[in-house]
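Let's take a walk through a protein structure together. Keep the 3D view open while you read, and look up each piece as we reach it.

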Amino acid sequence: MAQLATVLEDQRKTEETALITGSEAIAVACKLADVDVITAYPIRPYDTVMQYVSKLVSNGELDCEYIVAEGEHSQFEIVKHASAAGARVFCGSSGVGWMYAMEALTVTPALRIPMVAMVGNRALDDPGAFGVEHNDALTVRDLGWQLVWVDTAQEALDTALIAYRVSEDRRIFLPCAISCDGAFLTHSQALVKIPSQAQVNEFLPRYNRADLLLHPDNPITVAPQGNEDWVMEIRRQNYAAMERVSDVLREAYADFERIFGRSYGNPFFEEYETDDADIVLMGMGTLSTPVKVAIRKMRKAGKKVGFVRMRWFRPFAAVELAKSLSRFSAVGVVDRDYSFGSPFMSGVLANEVRSALYSSPGEKPPVVGFIAGLGGREVTVPDVERITDGVYNAAEGRPQPLTQWIGLRE
Amino acid sequence: MGRLFAIEIIYRGIYQKTLASRISRAIVLAAHQEGKPGISFGRYGDSPERNGIPAKNFAIVGTDQETLEQGMAKYEPKEVDITIAVDDTLCKGVESWAWYGLQPVNKLLKPGGTLIVTSRETPEALIKMAHRKETPYQLAIAKGTPSFSGLWVYKDDHTDVRILGAIAKLLPELFSLKSVQKAIVNEWKDPLKAESAARSYERISTTKVLPNQGNPEIPYKFEFPKWHEMGDGIAIPSIPAGRAVEDPVSHATGGFRPDRNPTFKKFTTRTMRPVVNFDTCIKCTLCWLQCPDSCFDVTPEGLYDANMQACCGCGVCEAVCPVKDCVTMVNESEFSDNASQWEDWRKDKDAYKVWLEDKIKTRSERSHGFRYRGQYEEQIPEMLQIAREG
């Protein structure tokens, strides 16, 4: 018996490896974070998380209140209130489900609720399609949500733990949405290192709602009516909280590396083959896979192409990014989203990148926007090669549209 | 640079909402007759749908469009030429839902500006009710009851055009009586209303109010915190539950007084207040139970004292009290302070009895509505007499 106890104890402390999807990785993170209240409402591709969470609950591996609400609006309202009462919460949605929760999504940052949500990115209706587009999660980009895009199941799990740590920090108390590309990440199994509970306990302190705890022993009124005498001050507080996120994120990533032995380098964006690159491509999420494959191929042909994958979209590391991009002769931003009528009709990320560069003291390389992979269409290696040609055109000063559609039947 | 005129109409929701809007619209239309552009609006933050809550309408007029634009896109002008109070109990001050604390009725008046009040009181009584103002101003009384004109079943008593006629007299730079009459005929197609405006023009007179006249109380003030001084998460501490009440004579403690919102006193929210006969109270609890604002403090001996910090003057207590004349609603103009009736009674029961009988001997006709069916019809002869004789 003593030997078995040792074996079990060793197992408790050791990292395991499991073949799981991005959604399952998020569910495992919920278990490791010992989440108290989880709400759900089915919509593909987010619903895979529901399935894994309910399995964990019914197997007795996760002790939480698991509530299937009557719709996304209630789903997000329930966890908002539970979080105000001191519970660590999780929920999520996709596409128009996320939009249906919009009212709850807008009030969550204003009330400084550290909700962690998973967005299984999905095209907005119509037409009803299941594939990935980033417009769903991007709708909350101005509201005080922290937004992060991950590209592997491992990163999904790790980022969920980091998200709890940062969101629940008293200096922050803001919600965080973790975006996982529908299908390519939510439904695709890969080998993931699952940290031990002991490691997670060391990394992630208990959620302490402190002075904002909604409890009979701490009688407060949350969200009273306020007029124009109060709103600006309240918005300014949220501005300050978002301003603090970057430093708290850096602390969390440094601690993550110390405890789990896995490093993400720059927390805000990943750079791939940029050291000697002439031009770079940019994008978010699983787009990284075909882009990296294409880059390896193109480099063999002598094209010095790099890739910058934005991980944290909010807060947006504008200064750091502009500094990094100033090294290259042109930048191609691949948006898996659209922003009809925006400057140059570019996607959301392209215009954010242009904006970051505009006020930068360094070199300002030309930025070409590419719309690709909408509605879950695959972005292929030849697509990336065509994109790269466009970026080289920009680098060499050849005139071309500032926004180009790639992978479109035309 | 031309001249910018601002006029505010202070009224009580909801019964006077239409009346106030008609007055401010008519001001703009009359000014338009003289080529002066203007705008009319209700203060956005007000809650005029609430019974009795003070609220405001504004008419802003410029001698030209450029001047007018300096008075636009504001919730409330910083100063006005004329303040109109269509309910005389508003002279005690204005506590709207749009801000915090009490605004003296004459606060926005420019030096030498005019306060027009519809009232049957004397100038002396109204001057006493209003807070003192550093600069002199004029008081003009348009004789009449608090009008509900324009609201559903109530008859038009011409309060709107009588105010317009008075403005033409008091501020002739804004518009003439002729312009007022043209606007009235255009808007209402009623020559009789135009005649009412003319009568009011002839009858209106003013009394000068000096800085040493009026209620000397310093109204409650509120300091706004800076953004970093405020707690975050839009969470505010609750108001504590409350405590026992101390008897001013025996110093015994008992009963219960709930703590109340320190920033919203409701001292001027009501037009009437309950006067309680503690000698006949049978402690049935009904007033305390039914009061929608929890305004009754429970005294150590188990009596119920209406606290004027919380009373909105709705009259439910009077309606539910089973004892004759134990709770009587009395018009606010009868009172000069917000003191505890129970404390006065405890200190001198005989004096209190005399005071109480004096207060309730003539019943006020109305609260924010009428007290019984048919009361409106009873008032019509008096209203007609006012119209004929001024």
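## A six-strand sheet in chain A

Start with an open sheet in chain A, where 6 strands run in the order E10-E12-E11-E14-E15-E16 with mixed pairing. Strands here are DSSP runs of at least two residues (E), helices are runs of at least four (H or I), and both are numbered from the N terminus. Two strands pair if DSSP finds at least two bridges between them. Strand E10 (269-272) and strand E16 (403-406) of chain A sit at the edges with a single partner strand each, so one side of each has no neighbour in the sheet. From one strand to the next, the twist averages 25°.

Zoom in on one pair: strand E15 (residues 367-372) of chain A joins E16(A) in the parallel sense over 4 bridges. Phe370(A) has Gln404(A) in E16(A) as its bridge partner. Helix H14 (residues 381-395) of chain A lies across strands of this sheet, including E15 and E16 of chain A, and runs at about 145° to E14(A). For such angles, axes are lines fitted to C-alpha atoms (for helices, over the stretch in contact), and the angles run from 0 to 180 degrees between N-to-C directions.

## Before going on

This is a predicted model, so local features need pLDDT of at least 70 and side-chain atom pairs count only at pLDDT 80 or more, while totals for chains, interfaces and linings use all residues. Residues are numbered from 1 along each chain as its sequence is written, and chains are lettered from A and ligands numbered from 1 in the order in which they are written.

## A seven-strand sheet in chain A

Chain A also has an open sheet of 7 strands, in the order E3-E2-E4-E5-E7-E6-E13, and the pairing is mixed. Its edges are strand E3 (65-68) and strand E13 (312-314) of chain A; each has a single partner strand, so one side of each is left without a neighbour in the sheet. The twist here averages 20° from one strand to the next.

Inside this sheet, strand E5 (residues 116-121) of chain A pairs with strand E7 (residues 176-181) of chain A in the parallel sense, over 6 bridges. Look for Gly120(A), which stands opposite Cys180(A) in E7(A). Helix H8(A) packs on the sheet, touching E5, strand E6 (146-149) and E7 of chain A, and its direction makes about 170° with that of E7(A).

## A buried helix

Helix H2 (residues 22-32) of chain A lies across strand E2 (37-40), strand E4 (89-93), E5 and E7 of chain A, at about 150° to E7(A). How many residues of H2(A) are buried? The count is 11 of the 11, so H2(A) is largely enclosed by the rest of the structure. A residue is buried if 20 or more other C-beta atoms lie within 10 Å of its own, exposed if 12 or fewer, and partly exposed in between, with C-beta atoms placed from the backbone. Among the buried ones are Glu24(A), Ile26(A) and Lys31(A). After H2(A) comes Asp34(A), whose phi is positive, near 50°.

## The nonpolar cores

The largest nonpolar core has 129 residues, and Ile26(A) and Ile178(A) have the most contacts inside it. Such a core is a set of buried Ala, Val, Leu, Ile, Met, Phe, Trp, Tyr and Cys residues joined through C-beta atoms within 7 Å. Helix H8 (residues 153-167) of chain A supplies the largest share, 9 residues.

Leaving aside neighbours within four places in sequence, Ile178(A) is in contact with several residues, including Ile26(A), Met118(A) and Ala160(A). Contact means C-beta atoms, placed from the backbone, within 7 Å. A second, separate core of 62 residues includes Ala31(B) and Val180(B).

## Where the chains meet

The contact takes 17 residues from chain A and 12 residues from chain B. On the chain A side, H10(A) gives the most, with 4 residues. Strand E9(A) pairs with strand E8 (residues 235-237) of chain B in the antiparallel sense over 3 bridges. Thr221(A) has Ile236(B) as its bridge partner in E8(B).

How values were computed
Contact = placed C-beta atoms within 7 Å.
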